[in-house]
Amino acid sequence: MVGVPGRSKACHTCRQRRIACGLERPQCSQCVKSNRVCAGYQRERVFILNHESTEQALKSHAQAQSQILGNHARNGPGTGKTKGASEKAEECVPAKSREKTPPSSPQLLGQIVPHAVFRQQLLNEFLYNHVHEDFRRGHPDDGMTPWFMLLVDQPLMTKALEGSILAVCTARIGRIHNDTALINESLKLYGLGLRELQKALWNPKLMYDDETLAACMALSTYEVMECPGGTHQGWLSHHNGLERLIKLRGAEAHAEGLGHKIFLIFRTTSSMDHKRISYLLDPKWIEIPWKKFPKLPYDRLIDILAEGTTIMAETAYYDDLCPVHLLQSSLNLIDRCWKLDFQLQEFYDELERMNSGPLFWAQPCKNDNPSDDSEASKLFPLSFYFCNLMVANTCMVYWTLCLILYSGMVALYSVMHQLSQLNLDIESFDPSAHPSPRCAVCTHSVAPASTPSPPFLKTTDPAQLPPLLHRSDFAATARNICQSVEYFMQEEMLVQGPAMTVMPLSVVIATAKEYPHLEKEIIWARGILDKVHERGLRRTPSEVSILILGAGWTSTFLIPLLESRGITYAATTTGGRDGTLKFKFDDNDKSNAQFAALPKAKTILITFPLTGKDQSRHLVTSYSATHSNAHAGSDDTDSAFQFIQLGSTGIWQTPEQETWVTRHSRYDTTNARAIAEDELLELGGCVLDLAGLWGGKRQPKDWLERVVKSKEGLKEKGSLHLVHGMDVARAVVAVHGEFATERWMLTDLFVYDWWSLALGWAGQRDSAEEERNDQNQILRWVQELMIEEDMKALPRPMERLGRCYDTREFWNRFGIVPINARI
């Protein structure tokens with residue numbers, strides 16, 4: 001509707017020029033062609049229904065702010081009045097260059113109105129019930145004050161930040177008062193915050209604003225508190241978004257104010273990720289953000305933590321190194337570990353000098369834990385108490401870093417012990433003379449490690465390395481973390497105290513699961529995480545609906561389906577990639593430590609093949625023993641667990657098999673996978689034997705060159721059965737809802753003829769000159785075979801194709817049909 005005010009969708013630049021806009025985002029084509037700055041598409045729609053002026057609204061906010069803080073000072077400890085509230089309200093002037101939220105209509109019953117006064121009331125209530133007194137009383141520039149405190153007495157915010165803050169505050173207050181309406185309202189506000197954040201990221205004026213960064217952090221906090229999707233994927237998405245946004249903003253943008261505070265929090269969380277190397281280790285990111293503030297001891301500790309987790313990340317390619325390069329890399333990492341150990345000792349000595357009294361002391365443990373044995377004593381009869389929460393958090397991070405470092409050093413020394421038997425000589429080794437085709441360094445996939453130098457390592461001989469001494473007992477450090485938890489879980493620590501235990505306990509679980517003798521510590525830590533869940537943190541659920549053991553190709557279809565249906569899940573991979581849990585099944589490992597680290601689930605989906613006798617029994621009994629209501633080590637198991645094994649229809653490939661094969665037909669009982677499946681069925685599990693899998697990047701037509709190599713080979717090809725990954729995912733969800741101890745056969749209800757497919761696919765392939773002969777050859781083979789076998793048309797009759805699978809029973813039983821059939 002040209003000429004109607006407010007209806008134009010053009011960018012601001014094209015509207016001012018009064019020309020047709022191309023409507024491209026983030027910059028329209030008209031502005032790009034004319035070399036102009038595209039002003040974007042953000043509209044300022046202001047609806048003011050109350051009759052207060054902005055000045056009056058700000059004064060009302062200051063009065064309400066003073067009243068709230070005064071009530072907290074009278075009713076609770078440590079909530080004194082914030083100085084300068086009225087002065088800031090009088091001086092605050094709305095900036096026209098940024099989209100701010102004006103005072104809106106009066107509050108309606110059952111709704112949260114984005115008005116500055118009401119928002120500040122919610123924010124103060126949230127802080128009073130979430131942040132410990134030690135941190136509320138801190139100065140904004142002391143480095144330890146939570147970033148939420150900087151929003152106090154700030155009447156004007158961008159819409160993205162306001163919606164996000166309202167979501168967090170409303171959710172917390174709703175949980176405190178068990179108010180379902182407030183919790184539901186917080187979810188709506190979360191959606192509003194997401195939409196406004198997306199708009200801000202498209203707006204050149206707001207993209208790199210501190211409040212846009214804060215909105216992303218607030219939404220991440222909401223995911224930690226509420227976990228609306230039932231998994232940690234939402235939090236991981238926000239975390240990755242924060243990582244990219246902070247990098248784009250540059251180190252200089254995080255030297256002060258809100259940006260600096262959020263950077264410190266993100267840096268701590270990111271430094272705990274030992275699976276990859278971050279840009280935060282670049283010297284400019286270690287120095288520039290502190291050019292206006294001196295580094296506190298805690299900041300220096302995070303510097304050491306970042307370096308330590310980087311060392312662990314560099315061991316990811318160890319399986320791909322030849323012995324000499326493995327020795328060289330191990331010596332390099334050991335040298336760096338000793339340097340970090342020296343820095344840690346210096347840090348702890350300085351921490352003790354800064355505090356006049358003891359950092360912590362032992363007291364008898366007061367709380368119970370599910371892993372405690374009633375007939376014996378508590379697993380941890382003594383607990384550590386600290387002089388204040390700030391010191392406690394610093395000690396907790398220090399011990400976490402020691403645990404990561406010491407366990408890594410033990411593993412590296414074990415590698416060195418094995419290599420010492422080979423009598424390798426680094427100095428005389430010439431990699432170009434004898435390159436290994438499987439070595440990542442020899443093939444130049446990874447840069448070679450440098451040879452260590454004094455003062456920490458004075459030798460390159462593995463047999464002459466300095467002894468580890470107390471560092472070899474890293475379990476003692478893990479127990480220090482566990483014994484400190486009771487202090488953080490006290491009621492007066494609110495939510496902030498328990499939140500500080502999540503990452504250290506996760507490191508304890510991840511480290512201890514590699515060592516069978518620490519199984520009880522894992523169960524104890526999981527019990528604590530359950531209590532943290534009850535106190536208001538829901539990012540790492542200890543119980544999910546479906547646990548996917550082996551998140552491979554099938555999970556690319558299953559996980560989106562679970563998320564769309566609101567089914568909670570957790571997934572594992574052997575390396576712990578993409579936010580999954582690290583788990584590698586080993587039937588020779590008779591300990592339950594790895595299983596104890598997994599969350600409890602109603603359904604356990606096994607996507608990797610189990611073969612032979614006892615593998616299914618080992619997996620089922622180990623998981624059940626560590627996740628039943630009984631204590632670990634008892635004979636009682638939880639029969640409610642639903643185990644689903646993804647198998648293969650290949651077990652029905654037997655001589656003299658009838659034409660039509662159903663799940664009741666005879667199968668090869670000597671097949672290794674069939675033996676494991678039979679064992680799982682005896683234990684009450686379910687088996688889904690799948691036909692050929694396709695979907696996504698796995699396309700059957702790409703198999704043509706591998707399958708059809710000669711005319712004789714094509715002649716032997718008969719039937720082909722397939723099932724799409726999405727239909728496999730739907731089948732898993734169906735069995736999860738209506739579990740039955742059965743062996744099912746899954747196809748897409750079609751029987752394909754290889755000749756027919758080869759004829760069609762050969763004609764569809766690119767007609768490049770180098771491929772034309774191959775295409776014509778396959779087409780000629782099909783034509784010649786049809787004449788030789790007297791086939792008048794394709795597809796061939798079922799009797800000529802060989803095995804034909806009849807899988808109607810599964811789809812009829814669960815009331816669904818394949819939706820991705822007919823390739």
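Of the 823 residues of the protein chain, 52% count as buried, where buried means under 20% relative accessible area, exposed over 50%, and partly exposed in between (1.4 Å probe, protein chains only). This is a predicted model, in which local features need pLDDT of at least 70, side-chain atom pairs count only at pLDDT 80 or more, and totals for chains, interfaces and linings use all residues. Residues are numbered from 1 along each chain as its sequence is written, and side-chain values use heavy atoms, with hydrogens and water left out.

The pLDDT is the predictor's confidence in each residue, from 0 to 100. Its mean over the protein chain is 80, and 79% of the residues reach 70 or more. Residues 67-114 have a pLDDT below 50, and in the model this stretch has 91 contacts beyond near neighbours in sequence; a contact means heavy atoms within 4.5 Å. Residues 766-771 also have a pLDDT below 50, with five contacts beyond near neighbours in sequence.

The protein chain has 29 helices and 15 strands. Helices (H or I, at least four residues) and strands (E, at least two) are DSSP runs, numbered from the N terminus. Among contacts between residues at least 6 apart in sequence, 75% join residues at least 24 apart. The chain exposes about 39,500 Å², and carbon and sulfur atoms supply 51% of that area, as computed by the Shrake-Rupley method with a 1.4 Å probe; for residues, only the protein chains shown count as cover.

One segment carries an annotation. UniProt lists residues 10-38 in an unreviewed entry as "domain: Zn(2)-C6 fungal-type"; positions are given in the numbering used here, feature names are shortened, and annotations may be inferred rather than shown by experiment. Over residues 10-38 the chain is 38% helix and 0% strand, with its end C-alpha atoms 10 Å apart.

Next comes the interior. In soluble globular proteins, nonpolar side chains tend to be buried together. A nonpolar core is a set of buried Ala, Val, Leu, Ile, Met, Phe, Trp, Tyr and Cys residues joined through side-chain atoms within 4.5 Å. The largest has 126 residues, of which L123, W147, F148, L151 and I165 touch the most other members. Helix α15 gives the most to this core, with 19 residues. Leaving aside residues up to four places away in sequence, W147 touches I165, A214, M217, A218, L258, K261, I262 and I265. A second, separate core of 32 residues includes L562, I567, L605 and L688.

Helix α16 covers residues 474-488, and its 15 residues reach 22 Å from first C-alpha to last, close to the 21 Å expected at 1.5 Å a residue; the expected span is 1.5 Å times one less than the number of residues. How much of α16 is buried? The helix is mostly covered, with 12 of its 15 residues buried, among them F474, I481, V485, Y487 and F488. The cover over these buried residues includes β1 (360-364), β2 (382-386), α15 (389-420), α17 (496-512) and α18 (519-534).

D614, in the loop between β6 (600-606) and α21 (615-627), has a positive phi of about 80° although it is not a glycine. D614 is partly exposed, with a relative accessible area of 42%. E656 lies in the loop between β7 (642-648) and β8 (660-661), and its phi is near 55°, a positive value in a residue other than glycine. E656 is exposed, with a relative accessible area of 75%. Finally, the peptide bond from L794 to P795 is cis, with omega near 0°, and P795 sits in the loop between α27 (769-788) and α28 (798-801).
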